[in-house]
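Hi,

Here is the model I promised to pass on.

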Amino acid sequence: MRSPTAVTADDHQRYQYKPLPTGTSIRVLQIKGVQEGKLCISLELIDLADDPFFYALSYTWGNPHANGVDFTEHFNAVSGEYTSESKTETVCHGKSIYIQTNLADFLQELQSSLEQQDSPFQIPRSHEFRIWVDAVCINQDDLEERAFQVQMMGDVYRKAARTIIWLGRGDQYTTDAVEAISKLAACPQDVFVQSNITPFRQQEPDVYTASGVPYISWMEWCSLAAFFKRQWFSRLWIVQEVILSRELSLMCGSHQICWEVLVTAARTVEARCKVLGFSPSTLFMQAHEIAVALEHNTVQLARWRDFYYGTSAPEPQTRMTFENLIYDTWIFSATDPRDKVYGMFGLMKTDLKAKMAVDYTSPVELVYALTTKHMIDHYSSLQILSCVQDASIRRIKPSPSWTPDLSLPYFNMMCSNGFFCAAGLENKTPQLLPSSSWDRLKLKGCLFDTIVETGNDRTNHVNSSVLLDPSWFELCMLLSQPYQHTGEPRTEVLWRTLCANQTSESVVPAPKDYGILFKELLSAMIMVRAEIESEAYAEDQAKQEARGDPGPPPDCCTGFMDALGKAKEKWTFAEFDTLGREEILRHLCQRPRFLSSDRHGWLIYTLTKLQILASTEDNPNTPNWEELEQFFYNPTYVMRRKKGHDIVLVRQNDERFSASFHKRYGKHKLFLTEKGYLGLGPASAKVGDVVAILAGAEGPFILRHGHPGCDIGEENQEERKEKEGENEVMSLVGQAYVHGIMNGEAVEEGFKLREIELA
C-alpha cells in the first residue's frame, strides 16, 4: 500500500479520522448517494470480534489498464487520469475525502449496480451494504495505525462475506475478453487440450470446428491478453486477498464475472500450453518483461485457494510456507517495497509474525536483510541466495550484496530445484555462523576456481533475447575437445551450459535432442543478425548518398548470402582450408581468444567461428555453412516484428530449448575458469571473480574479493591469493551454473570448507 499525496485544503474542510477503539476494530464504507455531483459516503466503526456483515474490495490504486506491446498506447493515454494528484472529492460526514480515480470509478459503478433490481450483491434485509476499502478505511497518514491494520488484513478478508475484485473501467477490449472467457470456460478441458488450437495465436475457424471448440477470433485472444495484463493481476496484495476471501466476484466496468468461470478458462489454456511445451501468451510481453504466461497468476491464485481451503493436497514444495510464498509471489508488484514481505503476513503462522513485525519506519534494505537471514536460519536453506539479482539492475541501493532485491519483479534462480548438489551429499546442510552486524552474512564454503574469461556484457537492446553473442563460440573454442571434465563434445557443453542443463520445467538433465533444437535456434539467430546488418547497411548507404557520410563498413553485409560469401573468401585467403583438425585446435583454439575484438563483431567473423567448431568436431551441435544455407532457404523459425523494432522468433512445432534458454540466460553471461570449466553466471561477473561452493547450496556462487563496489584489480590477484585468510570479506555477485561440478564432482578435487564472510 502507499500513502496518497496530501491534498491542499483547509484542515477544517477535510475529514478527520478518529482513533480505532479496539484492536479488532475496522472502518467500513457506505454509499449514501450523490449531492451536487459529489459522491457521498460514510465511515462506520465495526468490530471483527462481533462477526459483522460486510464486503471487502480488492483493487489497484493507480492506472488499472493493460500495459505492454499493443496496449501501451491506451495505457499511456489514460495515465494522466490516475496520477496521485488526480483525485476525486468525496463527501464523508460533511467533510472532504479525496480518493484516486480508480476507486472513484469503482464506487460509481457499484452505486449503479446496487440500484438495479437484479443486483448481484445479495444483502440480508437486516443489513446495509458496507464495504472495506483500504485507502479510505485506514488512516494512511497514521503509520502506527497503518502498520497495525496491515497485520489485521488477513482477518478482514477472512471475515468479509464476499470480496469484490475491481479490475478498472471497461475499454475497447473488455467485451471481447469476457466473450473469450465464457467460451473457454464452457469448453470441456479435455476437448480443448486434445485439439490443434494454439492459444493466443491467429488460426482459421476450420481448426476450431474440427476440434469441436467454439471459435475464438484473433481479436478475442488479443482482448483476453489485455484482460490478463490489467494491473490487478500483478499486484502483490491480491495474493492474501484472494486466498483468504470466502467468496469472490470480479467487476470490469459494467461487466461482472464469476471467479470460478475465470479460473476454469485460465486452467483450460494452461493445460493446452503444457501439451504444447511453451507459453504462446508471452508474445504479448515486452522484451524487458519476465516471460511468464499471462494466465499463470490466475491459475496460481486458484491453486493457493485450493490448498488453503483443503480442496487439494499440495506437494511438499508447494506448501504455503512463508519461504515458498516469497518465491512464488516474486513476480507480483508492490508500491512500497517493504510490502513484498509485509504483504504475506496475513498468511503467516503466528510464531513467524512475532519474529518479523511490520515496521514501516525501517529502511527497506534492513527489512530485506533480516528477512533473508530469517529464511536461511528458519528453513535451513540457502535457496534465498539463489535469488540475488545482478547488481546492475538492483533498485534498492545500497544494500548487502547477499540480499535479494524483492522489489524487482523477477529473479533467475539458476539451480535451486532439488536436482543439483554441488557441495556433495555430505555438505547438504548450510553452516550459518554468527555475524558481527545485520549487513554481514557468515557461512562456510570453498573457494574452488577463478574466472579467467567472460562473455560479452549483456545490454538492454530491445532485441537482446534473439541477438547472437559471438563470445559463446569464442569461449567454446577455448574448451578442451572433448570437454575434459565430462568427456562430452564442446558444442554440447555449450548448449547445456546456456540452458543450465535443464528443461523449462527445471527437469535435469536436458534431453539430448535439445542439441538439434539449439542448432536450429542458432541458425535463426544468424538470420536475425543478417537482417539487422542489412538494415544498418542500407541506412549507412542512404546517409552516404544524402550527406556524403562514410559508407557502410566493409565487413557489414547486405544479407545472409552476402555474409556467407565474404566469410568463405576470408577462410580461403587465410588458408584455413589447408589446416587439419589438430592444427586448427592448436592454432585457433587457444588463448587469447580468436577474433574477439569489437571490430570482429560482424556476422562474417561469427560464421568463421562456427566453421572452426564444425571443423574440429564430428556432428557438432552448432551449424556449419552448408546447414546454414539450407536453413536460409527452408527456415523452421518465423521472424516476427512486434510494435516498433522488437523482433520475436517463433518455432512452429517445438520451442522446448528456446523456452529453457530464455528462462536461464536472462541477465547472465558465459564465463571460463582457470581450471577449464564453462559456466553461466551473473551479467556483472568479471575476470578475477571466484567460483565458490557453499555448504548447503545446490549450485556454486560467484564471489568477489572485498566489499560491494570494491574493485580488486587483475594485477592484485596473485597478491590476494597469498593473503587469503579466514576473515576476508567478500561480495556475492550471484549464483552460477558450472558444467561438470553440479553433482559434487568438485569435492573429489580437494574440497576444504573455510569461513566466508559476505558484506
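Which residue forms a salt bridge with Arg-581? Asp-618 does, and the closest N and O atoms are 2.9 Å apart. Arg-581 sits in helix α20 and Asp-618 in the loop between α21 and α22, so the pair links distant parts of the chain, 37 residues apart. Arg-581 counts as partly exposed at 34% relative accessibility, while Asp-618 is exposed at 58%. Bear in mind that this is a predicted model.

A search of the whole structure turns up 35 salt bridges. Another of them joins Glu-247 to Arg-162, with 2.8 Å between the closest N and O atoms. Because Glu-247 lies in the loop between α9 and β8 and Arg-162 in strand β7, this pair ties together parts that are 85 residues apart in sequence. Glu-247 is partly exposed, at 42%.

Arg-529 and Glu-533 also meet in a salt bridge, 3.0 Å from N to O. They are 4 residues apart in helix α18, so about one helical turn separates them. Arg-529 is partly exposed at 22%, but Glu-533 is buried at 1%.

On helices: the axes of α10 and α11 come within 9 Å and cross at roughly 115°. The contact includes Trp-259 and Leu-262 of α10 and Val-299 and Leu-301 of α11. Helix α8 (residues 218–228) is mostly covered, with 9 of its 11 residues buried, among them Trp-221 and Phe-227.

Lastly, Met-561, Phe-632 and Tyr-633 make a nonpolar surface patch of about 290 Å². Phe-632 belongs to helix α22 and is partly exposed at 35%.

Cheers

Methods
Residues are numbered from 1 along each chain as its sequence is written. This is a predicted model: local features need pLDDT of at least 70, side-chain atom pairs count only at pLDDT 80 or more; totals for chains, interfaces and linings use all residues. Side-chain values use heavy atoms; hydrogens and water are left out. Patches are made of residues with over 30% relative accessible area and no salt bridge: like charges are joined within 9 Å, nonpolar side chains (Val, Leu, Ile, Met, Phe, Trp, Tyr) within 5 Å. Accessible areas come from the Shrake-Rupley method with a 1.4 Å probe; for residues, only the protein chains shown count as cover. A salt bridge is a side-chain nitrogen of Lys or Arg within 4 Å of a carboxyl oxygen of Asp or Glu. Helices (H or I, at least four residues) and strands (E, at least two) are DSSP runs, numbered from the N terminus. Buried means under 20% relative accessible area, exposed over 50%, partly exposed in between (1.4 Å probe, protein chains only). Axes are lines fitted to C-alpha atoms, for helices over the stretch in contact, and angles run from 0 to 180 degrees between N-to-C directions. Contact means heavy atoms within 4.5 Å.
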